[in-house]
Structures are given as C-alpha cells and as structure tokens.
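This report describes how the parts of one protein chain pack together.

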Amino acid sequence: MASVYDCREKKSSDSIVRLATEMDPATPGAWRKPTATDIIDFANFLNTLEWPVKNRYVIVFNEVNRGDEWGGNANPKEYAEILSFAVTVFKSKDQNFFIISSGMDNAAPSQGTKYMNQYDYLFQMHTALPNIFQQIDGISSHSYPNPGFSQPPETTSLMGTGSFYHERALIKGFTPNNKELPIFITETGWDGEVIPDEKRAEYY
C-alpha cells in the first residue's frame, strides 16, 4: 500500500506532502518503484482532504537519484515520465495542486544505476523529457552540508548547503524561457555527533 509523508511544521499554516511507496519485498533495502496506479490513488485521496492553504504542495517521491529509493535502480527517464504523469493527474483534480520534484541526494556519486550524481540525473531527466521542468511548479532540495553532514555553510560547493543554487541554475537553463522555479529546502542539517551545538547554531 502506498503512503504519503507529511512534512508539515506544527507551527506553520502551510503543509507539504511527500509521496512514498513502501519497501519492496522483491528488492531488499529498496523502496518499491511507483506505478501510474499509485499516482492516481494518491491524487484521488489527497483531493478528498481539506487543505489549509490555496496551494496544495505535493513532492513527488524522495531522493530518486538513489537506486534504493527507486526499486533498486535509479532511472531518470522513468522518474521524468512518472513526474509528468503526476502533474497531469493531480492538476486534472484541482489546478491548485502545486507539484514539486523530488529532492536529491546531493552527495551521491555516479555508480551505474545504484547512485547517480544529482546534476547528471537532472540532465538525463531533461534529455528524456525536454519539457519536464516546464511542467512542474517547484523544486525540492536536500541542501545538506556534505561531505559528511559537517561542512561550513557556503554557496559554491556543488554538494554543500548551497547546492540548491546550482540545482536551480541548471534547471533554469533547461527551460526555453529561463523559468526560475521556487526552491523548497525540505531537508538539511548538521551531524550533531560531529558539530557541537554552538557551532551548529552559528551555522544555522
């Protein structure tokens, strides 16, 4: 049974829902690859809810540039196709659904289909479906201070807290009108066993 993950902050009036499947019994350690039926079920269910804001924010799956988040094998073409289908299905229910692409593992190396560097993955999504970044409404970013969840915050590193700058710039270049999509930093943070509390507070 597929599920949704609620990223809502308790003190916020906004809600962000992240779609998820479940662990795949056929591929130990990996999440089941979603199907078109999953997308239709998600859209039907989420359309029955009362949303507290006009925009119905939905993130379409999680860190899909990791094979263990996509049935064992990262596949940018498949993800681009399911993301495009999600846009069509959700917006057919209500135009206020605000479709956000998956946050990526910003430290993933390129190792076949087990892991894919997020920038290579985004480029291959664009190659497979050139209009995909025109269709979505926003980008989710996991702007962790990598490597090791322990680097100082800065904007130039491709795999640090500023990785969202590079993601947005790359995606902007894929759109014919240089569309600048809003960024949602839905995951970040420092390793508390490595970075002391005072230093982490300073970093934030």
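## Helix 5 and its surroundings

The buried residues of helix 5 pack against helix 3, helix 4, strand 5 (138-142) and strand 6 (183-187). The model is a predicted one. In helix 5 the buried residues are S163, F164, E167, I171 and F174. They line one face of the helix, because they fall within an arc of 95° when seen down its axis. A169 and G173 are exposed on the other side of helix 5.

Helix 5 contains 12 residues, and the distance from its first C-alpha to its last is 17 Å, close to the 16 Å expected at 1.5 Å a residue. In general, residues three or four places apart on an α-helix point the same way, because the helix has 3.6 residues a turn.

## The nonpolar cores

The largest nonpolar core holds 35 residues, and F61, Y79, F90 and M125 have the most contacts inside it. At least two residues of this core come from each of strand 2 (16-20), helix 1 (36-46), strand 3 (56-60), helix 2 (76-93), strand 4 (97-101), helix 3 (118-128), helix 4 (132-135) and helix 5 (163-174). Helix 2 gives the largest share of this core, eight residues.

Leaving out residues up to four places away in sequence, F90 touches L19, I39, F42, A43, L46, V58, F97 and I99. There is also a second, separate core of six residues, with I16, Y57, F98 and F184 among them.

## Helix 2

The 18 residues of helix 2 should span 26 Å at 1.5 Å a residue, and the end C-alpha atoms are 26 Å apart, which agrees. Buried residues in helix 2 are P76, Y79, A80, I82, L83, S84, A86, V87, V89, F90 and K91. The cover over these buried residues includes strand 2, helix 1, strand 3, strand 4, helix 3 and helix 4.

K91 lies in helix 2. Its relative accessibility is 16%, so K91 counts as buried, the cut-off being under 20%. Not counting residues up to four places away in sequence, K91 touches A86, F97 and D137.

## Packing of helix 2 on helix 3

Two packed helices are described by the angle between their axes and the distance between the axes. For helix 2 and helix 3, the angle is about 65° and the axes are 8 Å apart. The crossing of helix 2 past helix 3 is right-handed.

Which residues meet between helix 2 and helix 3? From helix 2 they are P76, K77, Y79, A80 and L83, and from helix 3 they are Y121, Q124, M125 and A128. Y79 and M125 are also among the residues with the most contacts inside the largest core.

S101 is found in strand 4 and is buried, with a relative accessible area of 4%. Apart from neighbours within four places in sequence, S101 is in contact with I59, Y79, L83, I136, G138, I139 and S140. Y79 and L83 are buried residues of helix 2.

N75 lies in the loop between strand 3 and helix 2. Its relative accessible area is 25%, and N75 is therefore partly exposed. N75 touches W70 and Y121, not counting residues up to four places away in sequence. The C-alpha atoms of N75 and T27 are separated by 15 Å, with the two residues 48 residues apart along the chain.

## Backbone details in the loops

P147 lies in the loop between strand 5 and helix 5. The peptide bond from N146 to P147 is cis, with omega near 5°. F149 is placed in the loop between strand 5 and helix 5, and F149 has a positive phi of about 55° although it is not a glycine. With 39% relative accessibility, F149 counts as partly exposed.

N178 is found in the loop between helix 5 and strand 6. Although N178 is not a glycine, it has a positive phi of about 50°. N178 is partly exposed, with a relative accessible area of 46%.

Definitions and conventions. Residues numbered from 1 in each chain as written. Predicted model: local features only at pLDDT ≥ 70, side-chain atom pairs only at ≥ 80, totals over all residues. Heavy atoms only, no water. Core = buried A, V, L, I, M, F, W, Y, C linked by side-chain atoms within 4.5 Å. Buried < 20%, exposed > 50% of the residue type's maximum accessible area, 1.4 Å probe, protein only. Helix = DSSP H or I, 4+ residues; strand = E, 2+ residues; numbered from the N terminus. Contact = heavy atoms within 4.5 Å. Expected span 1.5 Å × (residues − 1). Arc of directions from axis to C-beta. Axes fitted to C-alpha atoms, helices over the stretch in contact; angles between N-to-C directions. Left-handed = near helix turned anticlockwise from the far one by under 90°.
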